[in-house]
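Hi,

Here is the structure I said I'd pass on. Have a look at it first, and my notes on what turned up follow below.

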Amino acid sequence: MMFGLNRRLALLSLAAVIGAAPAARAADENTVFLDTKDGRVTIELRPDLAPKHVAQIKTLIKQGFYNGLKFHRVMDGFMAQTGDPKGNGTGGSNLPNIPAEFSQTPFRRGTLGMARSSEPNSANSQFFICLGDAPFLNGQYTVIGLVSSGMEAVDKIKKAAPGAPGGAVQDPDKILKLQMAQGAK
């Protein structure tokens with residue numbers, strides 16, 4: 001009889017664990033789709049960490065600003081950077097720069113961060129996706145989101161040649177479309 005009770009408890013525990021497994025999250029006002037030649041990347045923006053940065057990114061997405069922009073700086077094992085209309089890392093949008101919103105959230109594979117110059121309050125439109133863990137960025141750059149699916153497409157973004165200055169990519173891949181998930185096609 002004890003075996004039967006233990007077995008039932010074990011099955012109930014297993015059912016509770018299975019039932020507690022995270023379900024696919026419904027797209028909300030902070031979910032965006034980044035379409036590349038190799039597939040769709042779903043990103044969850046984090047306004048709880050960086051409300052001003054996320055608001056600016058959302059404004060630019062709604063304007064279609066990112067569509068067709070290059071992944072101009074891509075370093076294998078580190079990150080893929082985009083968001084520069086000049087395509088060389090020196091450009092930004094017509095919107096004002098954003099004050100830093102650093103947090104304790106670590107830069108891990110799939111984290112989105114805002115690119116900036118050496119001036120902490122210089123982020124504007126450029127962002128990067130971490131291809132690997134980058135703890136040396138922790139507390140130095142603003143975390144704006146996390147890839148929730150599609151890292152396999154991010155991993156296929158064309159990388160810079162080894163030793164390329166600043167990780168500059170020759171004939172880089174582009175964002176086909178970056179859009180808010182709600183209302184996406």
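Phe65 is buried, since its relative accessible area of 19% falls under the 20% cut-off. Keep in mind that this is a predicted model. Tyr66 is buried too, at 0% relative accessibility. The rings of Phe65 and Tyr66 pair edge-to-face, with 5.1 Å centre to centre and 90 degrees between the planes. Ring pairs also bring in Phe127, so that Phe65, Tyr66 and Phe127 are linked into a cluster.

What does Tyr66 touch, leaving out residues up to four places away in sequence? The list is Ile57, Leu60, Ile61, Gly83, Ser125, Phe127, Ile175 and Leu178.

The largest nonpolar core has 34 residues, and Tyr66 and Phe127 are the ones with the most contacts inside it. Elements giving two or more residues to this core include strand 1 (31–36), strand 2 (39–45), strand 5 (111–114) and helix 3. Helix 2 (51–63) is on that list as well, and the largest share, 4 residues, comes from helix 2. Another core lies apart from this one; it has 10 residues, among them Phe128, Cys130, Leu137 and Val143. As background, nonpolar side chains tend to be buried together in soluble globular proteins.

Back to the rings: a search of the whole structure finds 5 aromatic pairs. One of them is Phe78 with Phe136, a tilted pair at 5.4 Å centre to centre and 45 degrees between the planes. This pair links distant parts of the chain, 58 residues apart. Phe78 is in the loop between strand 3 (73–75) and strand 4 (79–82), while Phe136 is in the loop between strand 6 (127–130) and strand 7 (143–149). Is Phe136 buried or exposed? Phe136 is exposed, with a relative accessible area of 57%.

Two other things for your list:

- The charged end of Arg116 sits over the ring of Tyr141, 4.2 Å from the ring centre.
- Pro165, in the loop between helix 3 (151–155) and strand 8 (177–180), is exposed at 70% relative accessible area.

Finally, confidence. The chain averages a pLDDT of 89, and 86% of the residues score at least 70. Where pLDDT is low, the predicted coordinates should not be read in detail.

Cheers

Terms used: Residues numbered from 1 in each chain as written. Predicted model: local features only at pLDDT ≥ 70, side-chain atom pairs only at ≥ 80, totals over all residues. Heavy atoms only, no water. pLDDT = per-residue confidence, 0-100. Phe/Tyr/Trp six-rings, centres within 6.5 Å; stacked < 30°, edge-to-face > 60°. Buried < 20%, exposed > 50% of the residue type's maximum accessible area, 1.4 Å probe, protein only. Lys NZ or Arg CZ within 6 Å of the ring centre and 35° of its normal. Core = buried A, V, L, I, M, F, W, Y, C linked by side-chain atoms within 4.5 Å. Contact = heavy atoms within 4.5 Å.
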